[in-house]
Amino acid sequence: MKKRMNRLVAWAGVLALWAGAAQAAELPRVVRTQGASQLIVDGKPYVIFGGELGNSSAGTEAQADVILPRLAALHVNTVLMPVAWDQLEPREGSYDFRLLDHWIDVARAQHMHLVLLWFGSWKNSFSEYAPGWVKADVRRFPRVRGIDGAPLEILSTFGEETLRLDAKAFAALMAHLRAQDKQQIVLMVQVENEVGVLGERRDRSEPANRAFNADVPASLVQALQARRHAMTPELAAHFNPKGHTWKDVFGDAADEVFMAWRYATYIDAVAAAGKAQYALPMYLNVQLPAPQERAGEYPSGGSHPYFQQVYQAVASHIDFYSPDIYWPEFAYWVQRYQALGNPVFVPEARLEAGPYNALYLYGEARGFGFSPFDIDSLPAPGNDAASSPLLMQVYGELRDLGDMLPTAQADGRTRGLVLHATSPRPTQTVALGGYLFEGTLSRSWPARTLETQDGAMLVLQSSPDEFYLVGTGLTVNIRRDPDVDTRVAGIDSIEEVSRQGDTWQTLRRLNGDQSNQGRQLMMDPHNAHVYRVRVHAIER
Ligand code: DGJ
């Protein structure tokens with residue numbers, strides 16, 4: 001009997017080990033469920049409260065020791081960090097992973113994750129991060145040529161050796177991760193960074209001219225034809241499937257579309273080589289065009305929404321596309337990416353506007369990740385929440401929501417809005433669960449002067465008559481949604497709450513002057529909090 005038991009225990013052990021191995025083998029993946037975006041890690045949705053490091057912040061091991069603990073204390077759970085080709089492969093064929101391994105070790109110790117940015121052939125158009133032995137050999141690794149024939153500091157997409165060696169180095173990186181990063185500290189990889197030709201609209205090297213004067217590949221025309229019903233207006237305005245040459249088919253946009261095709265083809269080959277080793281989610285970022293800018297003033301051929309469908313037609317190893325949003329129209333750009341079928345993940349954005357746009361992204365766009373740029377420039381946390389960076393407050397409170405957040409995102413039980421003093425209208429309203437939440441920027445009483453220039457909130461419905469609002473800088477009126485019924489809404493209670501372990505603790509009950517006599521939620525104009533609001537609806 002004892003022997004049998006022992007055998008059973010041994011088998012149970014083997015099974016457990018096998019289950020553990022099977023679990024670890026499940027790779028992170030990105031899914032869209034009913035309009036929400038999720039990154040699934042270890043079988044569960046994982047929300048990235050992220051930040052991208054400054055370009056010169058991840059070049060030494062010592063920087064990891066200082067920066068990552070500080071960011072962890074700021075409630076950042078995922079850091080986007082560059083991996084530079086020149087540091088990874090200082091001599092051809094000899095790879096050095098020590099720096100990356102150290103960053104992964106420190107991230108693991110801090111219970112953080114990483115997203116790697118492969119600065120290979122291109123970073124912001126240019127090829128600064130390619131190794132010296134690549135940059136010095138323009139015969140083997142040709143450059144983009146300008147209209148005057150002069151070489152630019154941009155590697156040409158027509159460089160066959162460049163592509164071969166970039167892909168080889170990227171594959172070595174991914175193979176190394178597969179072998180070393182058993183705990184999956186690295187969740188995703190961005191392939192190259194903000195590519196495109198700057199200063200010219202297209203590469204005018206000899207092979208580029210030859211390809212440009214030849215016919216557009218039939219496969220590309222067909223793939224775009226198949227998307228015709230949902231084509232972006234910018235592409236539709238130029239697309240003539242009956243033409244042959246690039247100029248015939250894409251008219252005035254030919255130079256840029258040609259470059260988009262070239263970059264998409266090249267980057268897809270790099271991504272394919274990496275995925276063959278270790279199939280983490282891979283995405284592309286882009287510098288977005290400003291209004292009135294012409295291609296070449298912004299990088300020509302990047303994966304911005306106007307011509308992103310060219311990438312989608314070609315780059316089957318790229319899982320999704322993401323915008324770097326430095327322009328004021330944050331919601332506009334997020335929506336353009338959603339319209340193209342992308343999950344919502346913003347790898348770079350203006351840090352100052354971060355606390356507000358984060359609430360829009362998680363609440364309204366139901367995205368899985370936000371990551372303002374230059375995150376390591378944030379000051380260390382203060383002694384209390386009020387003296388800590390606002391982004392830290394927002395991330396801390398959103399993290400307090402725990403699983404409630406991704407579950408509610410997937411169920412369509414979150415909304416969000418952002419207001420600035422410069423917004424075209426002073427109020428904005430979102431509807432959720434039969435109620436309207438109308439936000440305006442906080443004003444003083446009785447003078448009614450603006451107390452803040454910016455405000456934002458995420459609204460999460462936790463039960464039919466209970467809502468959690470994470471936000472700052474707004475006064476919120478709550479009304480019954482007349483599209484739902486004719487009842488009249490009232491507020492039962494407003495509490496400022498905070499999560500302690502598994503339970504919510506009430507820090508303050510807000511009433512009297514702090515709720516305008518029970519009629520409004522009046523948020524702190526300068527700091528972010530979680531407010532729990534209970535409401536009722538009575539018959540007329
Ligand atoms: C966008 C780039 O992707 C980043 O690496 C950085 O250069 C920022 N611009 C700077 O604003």
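A nonpolar core is taken here as a set of buried Ala, Val, Leu, Ile, Met, Phe, Trp, Tyr and Cys residues joined through side-chain atoms within 4.5 Å, where buried means under 20% relative accessible area, exposed over 50% and partly exposed in between, with a 1.4 Å probe and protein chains only. The structure is a predicted model, in which local features need pLDDT of at least 70 and side-chain atom pairs count only at pLDDT 80 or more, whereas totals for chains, interfaces and linings use all residues. Residues are numbered from 1 along each chain as its sequence is written, and side-chain values use heavy atoms, with hydrogens and water left out.

The largest nonpolar core comprises 127 residues, and those with the most contacts inside it are Leu116, Trp118, Val191, Trp246, Phe250 and Tyr362. The greatest contribution to this core, 12 residues, comes from helix α11 (residues 254-277), with helices (H or I, at least four residues) and strands (E, at least two) being DSSP runs numbered from the N terminus. Apart from this core lies another, of 23 residues, which includes Leu432, Tyr435, Ile478 and Tyr531. Phe250 is in contact (heavy atoms within 4.5 Å) with Val216, Leu224, Leu235, His238, Phe239 and Val257, residues up to four places away in sequence not being counted. Tyr362, also listed among the residues with the most contacts in the largest core, is one of the buried residues of helix α14. This helix (residues 354-364) is mostly covered, 10 of its 11 residues being buried, and it is followed by Arg366, whose phi is positive, near 50°.

Strands are treated as paired if DSSP finds at least two bridges between them. An open sheet of eight strands has the order β11-β10-β9-β6-β5-β4-β15-β13, with parallel pairing; its edge strands, each pairing on one side only, are β11 (320-321) and β13 (345-346). Within this order, β5 (residues 78-84) is joined to β6 (residues 113-123) by seven bridges, and Ala84 stands opposite Phe119 in β6. Elsewhere, β1 (residues 29-33) and β2 (residues 36-41) run antiparallel and are joined by five bridges, Val30 having Leu39 of β2 as its bridge partner. These two strands form a hairpin with two residues between them, and Gln34 in the turn has a positive phi of about 45°.

The ligand is surrounded by Asn55, Lys123, Asn124, Asn193, Glu194, Asp324, Tyr326, Glu348 and Phe373, each having a heavy atom within 4 Å of it. Oxygen atoms of the ligand lie 3.0 Å from a side-chain N or O atom of Lys123, 3.4 Å from a polar side-chain atom of Asn124 and 2.6 Å from a polar side-chain atom of Glu348. The protein covers 77% of the 290 Å² of accessible area that the ligand has on its own, as computed by the Shrake-Rupley method with a 1.4 Å probe.

Leu469, in strand β20 (residues 466-472), is buried, with a relative accessible area of 0%. Leaving aside neighbours within four places in sequence, the contacts of Leu469 include Phe437, Met457, Val476, Met523 and Tyr531. Leu469 and Gly363 are 106 residues apart in sequence and 9.9 Å apart in space, C-alpha to C-alpha. Ser442, in the loop between β18 (435-441) and β19 (454-463), counts as buried because its relative accessibility is 4%. A polar atom of the Ser442 side chain lies 3.2 Å from the backbone nitrogen of Leu474, and the residues touched by Ser442 include Thr449, Gly473, Leu474 and Met523.

Key. A polar contact is a pair of N or O atoms within 3.5 Å; within protein, one must be able to donate a hydrogen and the other to accept it, and residues adjacent in sequence count only if both atoms are side-chain atoms.
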